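Dear colleague,

Please read them with the model open beside you.

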Amino acid sequence: MFYAILKDHLPEMMSAYKKERHGDSRFDDAMDLDREIRQQFAAIAQELERKVSQHGLEELVEKAGKLTKNASVREWKRVIRNTLGVDLMDDYYNGEAYDRALRKWIDENVLKIKSIPNEALDEMQGIIREGYQNGRTIRDITKEIQKEFGVTKNKAEALARDQVSTLNAQLTRMQQEDAGCEEYIWSDSGDSRVRDCHHSLDGKRFRWDNPPEMWYKTKSKGIVYTGRRCHPGEDYCCRCVAIPYFNLETIDIPIQQADEV
């Protein structure tokens, strides 16, 4: 949708650029061209806002959030059943705390998604302005805009994956702490994409109130600590999970009563 709208406006912007380059009387100087380009991008932004509104962005994000929550609850019930041999109450995780967490996630992600096109439009407007100042060809400018769109698309896809993982991590922590699990076992994805830092944490036990510090490795300095502390799923694009560590002295599971099973 984003690139389709941009493509509709590109010919007119490039035509204005070409006419200014050839001394068209409509453009007295670069300021006139800049004004024309800004008007075009303002029109694109308005059309994007209208399209996003028509597609029901908040409803789509809410649907994704609810699907993530439902999947998280199903997985948690499975873990409890397989580990402790009991069934959780069906409606226990439909409480106010979970609703607040989901609503907060929805609101934050609607804002993030809306900001992506606007940031990309600013970048593309800058590409045209810089192209004019440096005398670049229309073809080169168009290719640079297409390249920037690719970056924006990848950024949006990464954001979607990362935010679903973040919500799942938040729900996992809420479920485990609510059940009296003060600790968890870090479990990575077991493939070549796992970061060295996360792989070093695999199989180790941590407290929910004391997440481990993240680090990365460089050739010159070796291990460099970032100062960021994260639980599984909280670091950027993290696919690790927290395996609950059940302590019989602290466990508090809302199980089904015998006559409810």
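Predicted model: local features only at pLDDT ≥ 70, side-chain atom pairs only at ≥ 80, totals over all residues.

Residues are numbered from 1 along each chain as its sequence is written, and side-chain values use heavy atoms, with hydrogens and water left out.

Overall arrangement

The protein chain contains six helices and five strands, these being DSSP runs numbered from the N terminus (H or I over at least four residues for helices, E over at least two for strands). Along the sequence they follow the pattern α-α-α-α-α-β-α-β-β-β-β. The radius of gyration, taken over C-alpha atoms, is 25 Å, whereas a compact globule of 261 residues would have a value near 18 Å; the globule rule used here is 2.2 Å times the number of residues to the power 0.38. Along the principal axes, the C-alpha atoms fill a box of roughly 85 × 50 × 25 Å.

The sheet and the hairpin

Three strands form an open sheet in the order β2-β1-β5, with antiparallel pairing, where two strands pair if DSSP finds at least two bridges between them. Because β2 (205-207) and β5 (241-245) stand at the edges with a single partner strand each, one side of each is left without a neighbour in the sheet. Strand β1 (residues 183-187) is joined to β5 by five bridges and to β2 by three bridges.

Separately, strand β3 (residues 213-218) and strand β4 (residues 222-229) run antiparallel and are joined by five bridges. These two strands form a hairpin with three residues between them, and Thr-218 stands opposite Gly-222 in β4.

The helices

Helix α3 (residues 57-84) packs against helix α4 (residues 96-133) at an angle of about 135°, with their axes 9 Å apart. Axes are lines fitted to C-alpha atoms, for helices over the stretch in contact, and angles run from 0 to 180 degrees between N-to-C directions. The two helices are therefore oblique to each other; angles under 35 degrees count as roughly parallel, over 145 as roughly antiparallel, 65 to 115 as roughly perpendicular and the rest as oblique. Residues of α3 in the contact (heavy atoms within 4.5 Å) include Leu-57, Val-61 and Gly-65, and those of α4 include Tyr-98, Trp-105 and Ile-113.

The axes of α4 and α5 come within 10 Å and cross at roughly 165°, which makes α4 roughly antiparallel to α5. Helix α5 (residues 138-178) also lies across β1 and β5, running at about 5° to β5.
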